[in-house]
Amino acid sequence: MMKKEMLLRKSLFQSSLLLNRKGLNHGATGNLSCRNDNGFIITPSGVSLENLDSNSMVEIGFNGEIINSKSNYKPSSEWLFHRDIYAAKDDIHAIVHTHSVFSSTLSVIGESIPPFHYMIAVAGGDSIRCSDYALFGSQELSNNIIIAMEQRKACLISNHGMIAIGKDLNEAINIAIEVEHLAQVYVQAKMIGTPKLLNDNQMLEVIDKFKNYGEWSKD
Ligand SMILES: [Zn+2]
């Protein structure tokens, strides 16, 4: 069990570096977590990347109690929606939250991303919803996120950023990278014209094909 905890802490640290390299997070913004046996392990609150390591991650229980903090760091101030997503979705073991530029840009408009590109299905349906606004870290925001995440593996958060989730960190990160790419293309497309949307049948076909692959493919 200790070995599993150390491995999760290490992958959270490496994933934080990766998200920064990919330009999805800056400074101490955004947070990520992995489910563990008695709760989940999450990045700390307000710690910049230069000061981060595996021991900075904080393990919390499903009631929000700190189980294991190897440092004096507090858990991310946004831990509540992580807890609620794990409680709502048994098959989800990792959560990535970013304030990345293009997802945040669209979140300010407050609209869901429609099926303008077939890869929208990577989030599990024919749209990537935008949750209603509420104060960061609040129960109200967490409730809004759970609604936007129904049958989905990603959503935008109004006037804030985005969330991607997966069966492991690898999947959650791949979805986050794809959602940010889609957000960039959508913003750019809207600058030069009106994006042509795929219809219900076309999207059902894509969603079906993704299911048959078992994993989404970049083809
Ligand atoms: Zn945030």
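## Elements and overall fold

Helices here are DSSP runs of H or I with at least four residues, strands are E runs of at least two, and numbering starts from the N terminus. By that rule, Q151 sits in the loop between helix 4 (139–148) and strand 7 (154–157). The model is a predicted one.

The protein chain holds 6 helices and 8 strands. Read from the N terminus, the order of elements is α-β-β-β-β-α-β-α-β-α-β-β-α-α.

## Size and burial

The protein chain has 219 residues, and a compact globule of that length would have a radius of gyration near 17 Å. The protein chain has 17 Å, so the value agrees with that of a compact globule. Along the principal axes, the C-alpha trace spans about 50 × 35 × 30 Å.

Of the 219 residues, 42% count as buried. Contacts in the protein chain reach across the sequence. Taking those between residues at least 6 apart in sequence, 62% join residues at least 24 apart.

## Helix 3 against helix 5

Two packed helices are described by the angle between their axes and the distance between those axes. Helix 3 covers residues 101–109 and helix 5 covers residues 169–192. Their axes lie 7 Å apart, and the packing angle is about 60°. Helix 3 and helix 5 are therefore oblique to each other. Their crossing is left-handed.

Which residues of helix 3 meet helix 5? They are F102, S103, T105 and L106. On the helix 5 side, the partners are V179, E180, A183, Q184, Y186 and V187. Sorted by class, this contact has 6 nonpolar, 3 polar and 1 charged residues.

## Helix 2 against helix 4

Helix 2 and helix 4 form another packed pair, with axes that come within 9 Å and cross at roughly 40°. Helix 2 and helix 4 are therefore oblique to each other. The crossing of helix 2 and helix 4 is right-handed.

From helix 2, the contributing residues are L80, F81, D84 and A88. They meet Q139, L141, S142, I145 and I146 in helix 4. By class, the contact of helix 2 with helix 4 has 6 nonpolar, 2 polar and 1 charged residues.

S131 belongs to strand 6, residues 130–131. Is S131 buried or exposed? S131 counts as buried because 25 C-beta neighbours lie inside 10 Å. Leaving aside neighbours within four places in sequence, S131 is in contact with N144, I145, I147, A148, C155, I157 and S158. S131 and H160 are 29 residues apart in sequence, and their C-alpha atoms are 9.8 Å apart in space.

I92 lies in the loop between helix 2 (79–88) and strand 5 (94–98). With 20 C-beta neighbours inside 10 Å, I92 counts as buried, because the cut-off for a buried residue is 20 or more. What does I92 contact beyond four places in sequence? The partners are I85, Y86, I165, G166 and K167. I92 and I165 are 73 residues apart along the chain, yet 6.7 Å separates their C-alpha atoms.

N170 is part of helix 5. With 12 C-beta neighbours inside 10 Å, N170 counts as exposed, because the exposed class takes in 12 or fewer. Along the chain, N170 and S15 are 155 residues apart.

Q151 is not a glycine, but its phi is positive, near 60°. The loop that holds Q151 runs between helix 4 and strand 7. Q151 is exposed, because 8 other C-beta atoms lie within 10 Å.

N159 also has a positive phi without being a glycine, at about 50°. Where does N159 lie? N159 is in the loop between strand 7 and strand 8 (161–166). N159 is partly exposed, with 15 other C-beta atoms within 10 Å.

Terms used. Residues numbered from 1 in each chain as written. Predicted model: local features only at pLDDT ≥ 70, side-chain atom pairs only at ≥ 80, totals over all residues. Axes fitted to C-alpha atoms, helices over the stretch in contact; angles between N-to-C directions. Parallel < 35°, antiparallel > 145°, perpendicular 65-115°, else oblique. Left-handed = near helix turned anticlockwise from the far one by under 90°. Contact = placed C-beta atoms within 7 Å. Nonpolar A, V, L, I, M, F, W, Y, C, P; charged D, E, K, R; others polar. Rg over C-alpha atoms; globule rule 2.2 N^0.38 Å.
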